[in-house]
There are 2 protein chains.
Amino acid sequence: MTYRRLKHSSRNLVDQLSNLKFFNSSRSSISAGLQSRSIQTFELVKEDVCYHKHIVSRHICFLKGSGIGIPASLRGVQSNAFRIHSRNLASVATVPSRNPSFAMISCDDISYFKKILGEKGVVQEELKLDDANTDWMRKYKGSSKLMLQPRSTHEVSEILNYCNSRCLAVVPQGGNTGLVGGSVPVHDEVIISVSSMNNIISFDKVSGILVCEAGCILENLITFLDNEGYIMPLDLGAKGSCQIGGNVSTNAGGLRLIRYGSLHGSVLGLEVVLANGTVLDMLGTLRKDNTGYDLKHLFIGSEGSLGIVTKVSILTPPKLSSVNLAFLACEDYVSCQKLLSEAKRKLGEILSAFEFLDVSAMDLVLKHLDGIRDPLPSSKHNFYIVIETTGSMESHDKEKLEAFLLSSMESGLLTDGVIAQDINQASSFWRIREGIPEALMKAGAVYKYDLSLPPEKMYDVVDEMRERLGTAANVVAYGHLGDGNLHLNISAREYDDSILSQIEPFVYEWTSKQRGSISAEHGLGLMKANKIHYSKSAETVQLMGAMKKLLDPNGILNPYKVLPTSISQSGVN
Amino acid sequence: MTYRRLKHSSRNLVDQLSNLKFFNSSRSSISAGLQSRSIQTFELVKEDVCYHKHIVSRHICFLKGSGIGIPASLRGVQSNAFRIHSRNLASVATVPSRNPSFAMISCDDISYFKKILGEKGVVQEELKLDDANTDWMRKYKGSSKLMLQPRSTHEVSEILNYCNSRCLAVVPQGGNTGLVGGSVPVHDEVIISVSSMNNIISFDKVSGILVCEAGCILENLITFLDNEGYIMPLDLGAKGSCQIGGNVSTNAGGLRLIRYGSLHGSVLGLEVVLANGTVLDMLGTLRKDNTGYDLKHLFIGSEGSLGIVTKVSILTPPKLSSVNLAFLACEDYVSCQKLLSEAKRKLGEILSAFEFLDVSAMDLVLKHLDGIRDPLPSSKHNFYIVIETTGSMESHDKEKLEAFLLSSMESGLLTDGVIAQDINQASSFWRIREGIPEALMKAGAVYKYDLSLPPEKMYDVVDEMRERLGTAANVVAYGHLGDGNLHLNISAREYDDSILSQIEPFVYEWTSKQRGSISAEHGLGLMKANKIHYSKSAETVQLMGAMKKLLDPNGILNPYKVLPTSISQSGVN
């Protein structure tokens, strides 16, 4: 079908090709290639612009935890960034006072833990504790005096059984890369780190099912699978530090969600230790199992407040060889939406990312980041789209992508666009999309919101916010359009209560009215525990509280997080 | 890559092409086509054998409920089949005695329900009740005297609130197409049919998110979406009768699971009415929402025993235009597995079904069904594979499929194969795969098991079963290899306790040892409620019981089902 249209409309398309620009020197040759294709359809394929393979490595280290592994481009701004952060971040939760129901750690407790875990598994050194008490943004800081490092599910069970009987509060910790204060203590909770439980247990090469311990670092799993010809169904900026147990516990989203769906679909089984030490073996490796209630889902995204995930079974997709990337421009938000609709149909099975940024985000990146060039320099556009495709045959994927771009140009959805020709150009495109948070930090104070909204409403909140704020602040929007996930940022010279009062509670109320989510992918943690009612009904929150009471009657698991304090503490003796 | 290999090995491939046969008269032209492709690569594409579009309609009516809409091919055997069924089905559950805690329906109750629902919504006619009391296989039969037909969530809420206060047991019913006795009363439970709640509430053309009431018939949703350019992520033989609320409540699997995953991934939101009438509004339409525990998953697959699903929000994939089907032969099970592995990689993003049957299943179909021809008649093969691809560009898909088949022939994984050239041939291939249950019924007594097993172990149970039974019975295996779902059937001339004792509990114990599931896609219902421990650990079942008590303390929702009676009734006052 596409080829027929290409042939029939070749003259018009050739005329329009002056608008579809290609990167740097290759632009003319590619345009020529596309012209000649309309006459001689297939010969050109191998010469077309494209890059492939290894593009996934672009995210390495971007959000690595604890300052280790921060990429060079960020290192320079690190201290400054943290300063700006601590000065400017909106929605810093009011720290709730320590729940007096929880016991204080005694010498007897330490002795008991040493008996279970040995000396090595009981950490009391201040330096190590300081790292574990602090989140990677240095926004949240607890005062725990004890970190335990179990090496097996049995040890986790023994620890929890003891803590529950003593009413000692605990915070489960993986890579500590969370963004909402969920993985660090609020007060003196015992830190239970699963980092030492990092074995791959099994991998089935036919089914692609991986079973591993919770402490496996995501990037290590990606590397392991790469050798087996598979990939992880999730990919995050934090992959160099984050652990699969934490990914599951926070229902991490990431860049592959549009293609491979959420962890509720990919995770096939879990082993979880409950607050009282009971080990729940739900570690199935089956795609289909309809025998009773599927309880594992309760622990996916409950941020360690219902149990500690100790093992994970996950379905991994086969690795495909061809990856393409396009950087495109649209004049209005409606066109962005229509382009998404078209991409879903015309790129269909190969679409693997559909990201957007508005002109404010683009300006910010061009202004504040070094070495960034506008891939479409001839004029400014209101919206930019990054489309990635992943498939099993390079020639097919390129052909589909180019046909899609041509028809989108023809129909007026696109006003300009380039296709990356090699991994460097692809990286430079991703650098624009992924450099926005860094550019925002450099620009001054920033109020950050991570919203999920129906796609057709997504940009309305940006327009309304601009109207509310006028010239007082710069409203910047970007995000995962394909998933309905908007990162709304308000950038100002400095932090100002009058600006904040224009933003909150308006942004939460607006999101709530659209039945959106006030936390698309970061979770609630400590930061938004008391804001849950903006996205969940009273009856639902009440039932969550009942679940918490049922599974953790003493409330020892990750206290002060996820649920409003009034609800999560009502079960504490 | 594939094309290079095609060119380099063209002579060998051409020699081997005599093994890769194509259907009927077209065989020679296709072989010629593949030969010439090795020289002139692309010209042939448009002439290649293929069928496309509308193939999804092949399943219409196959398992329709209550005898209505049974396809012509089945109608002839219907009465006989049911007779054989009632005589021969293994694992018919012992019907538990009526729980005396439940109240009996009084005249006052009827008056109350008429006040809420009007005369029309309260069904007491014997004929209608007879249908609703009986499952479609006529294997299970309740004795309810009352069916309620609410038209809104509010009415469902009022009914349940009342029933709970009176301790009247209820059974939620959708299309009543279940296979394990989950959707009919066991005794005199009030039937709550959601069939009248069949409105489509909204559809977002950009995101593909559909929101509808629970009583929408799956096929109607498929038709609606077809006009919008989308498809449902699940497709079942029962689609002409089954309802989306029932699909969700039973976590229906079906034919598209290998491509689109389970309903835990596709369902974005639910509205559910709890036993006490509380309406849980979890009807989100967001792909990402990490605000608290994701409670909707509790109701997916809990078979109406925790709440009644009243509305569903579901992510639907865009409709793609190209569908291809191949019928293939392998000599051993290891080759079937390897072929799956290769298909996942080489067909990658276009693979949409990977089904298998063994030679016993093939023989049975050829012997007992009229009008079936062996697509590979030159010799018998030990295993047959049906591969379906679905993609957005026909020429690409055909090219991928043919390249995959050629390389699989070359490597010896395949011994023979055909590609359907049109929808009739495709239907005839599917008829073989889908005709197996009918052929089994015609062959005599049948003991049916629906197992989920690790792919590498899946066929071992078949071999072991053959060894145990010797000449006493015919062991027949088929199923969704791509999902690890085996339909194991033991066919005998007549029902015999000595045969049954050779099968059970062996088959359950064997499955349990492999950490398999004794119910891959049908649920537990009444049939297997007391067998849950074969697939779930004691701690997990105990927690399920606690959930049941929490959400339905009087145990009025679908009693005697899903959980062992000892557990599900322990909460009844």
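1. In this predicted model, B:Asn558 is placed in the loop of chain B that runs between α21 (538–551) and α22 (565–568). With a relative accessibility of 2%, B:Asn558 falls under the 20% limit and therefore counts as buried. If neighbours within four places in sequence are set aside, the residues in contact with B:Asn558 are B:Val170, B:Val171, B:Pro172, B:Gly182, B:Glu303, B:Gly304 and B:Ser305.

2. The pairing of β3(B) with strand β4 (residues 190–193) of chain B is parallel and extends over four bridges.

3. In chain A, A:Asn558 lies in the loop between α22 (538–551) and α23 (565–568), and A:Asn558 is also buried, at a relative accessible area of 2%. Its phi is positive, at about 45°, although the residue is not a glycine. A:Glu303 likewise has a positive phi, of about 55°, without being a glycine; A:Glu303 sits in the loop between α13 (296–299) and β9 (308–315) of chain A and is buried, with a relative accessible area of 8%. These angles deserve a second look, because most residues other than glycine have a negative phi.

4. In chain A, the peptide bond joining A:Glu504 and A:Pro505 is cis, with omega at about 0°, and A:Pro505 belongs to the loop between α20 (497–503) and α21 (506–513) of that chain. In chain B, a cis bond with omega of about 0° joins B:Glu504 and B:Pro505, and here the loop holding B:Pro505 is the one between α19 (497–503) and α20 (506–513). For comparison, most peptide bonds are trans.

5. Turning to chain A as a whole, the chain contains 23 helices and 16 strands, and 66% of its 573 residues count as buried. Among its contacts between residues at least 6 apart in sequence, 75% join residues that are at least 24 apart. The domain assignment divides chain A into domain 1 (107–193), domain 2 (200–315), domain 3 (322–514) and domain 4 (538–570), and the centres of domain 3 and domain 4 are separated by 37 Å, taken over C-alpha atoms. An unreviewed UniProt entry places the feature "domain: FAD-binding PCMH-type" at residues 140–319 of chain A, a span that is 24% helix and 22% strand.

6. Chain A also has an open sheet of five strands, ordered β5-β6-β9-β7-β8, in which the pairing is antiparallel. Its edge strands are β5 (200–204) and β8 (279–282), each of which pairs on one side only, and the twist from one strand to the next averages 10°. Strand β7 (residues 267–273) is joined to β8(A) by four bridges, and A:Val273 has A:Val279 as its bridge partner in β8(A). Helix α9 (residues 218–228) lies across β5 and β6 (209–213) of chain A, running at about 30° to β5(A).

7. Where the two chains meet, 98 residues of chain B are in contact with 98 residues of chain A. Together the chains bury about 7,900 Å², of which 56% is on carbon and sulfur atoms. B:Lys288, B:Asn290 and B:Tyr293 supply 13% of the area that chain B buries against chain A, more than any other three residues.

Methods:
Residues numbered from 1 in each chain as written. Chains lettered and ligands numbered in written order. Predicted model: local features only at pLDDT ≥ 70, side-chain atom pairs only at ≥ 80, totals over all residues. Heavy atoms only, no water. Domains from an automatic or database assignment. Helix = DSSP H or I, 4+ residues; strand = E, 2+ residues; numbered from the N terminus. Buried < 20%, exposed > 50% of the residue type's maximum accessible area, 1.4 Å probe, protein only. Contact = heavy atoms within 4.5 Å. UniProt positions renumbered as here; feature names shortened; annotations may be inferred. Pairing = 2+ DSSP bridges. Axes fitted to C-alpha atoms, helices over the stretch in contact; angles between N-to-C directions. Buried area = accessible area lost by both parts, 1.4 Å probe.
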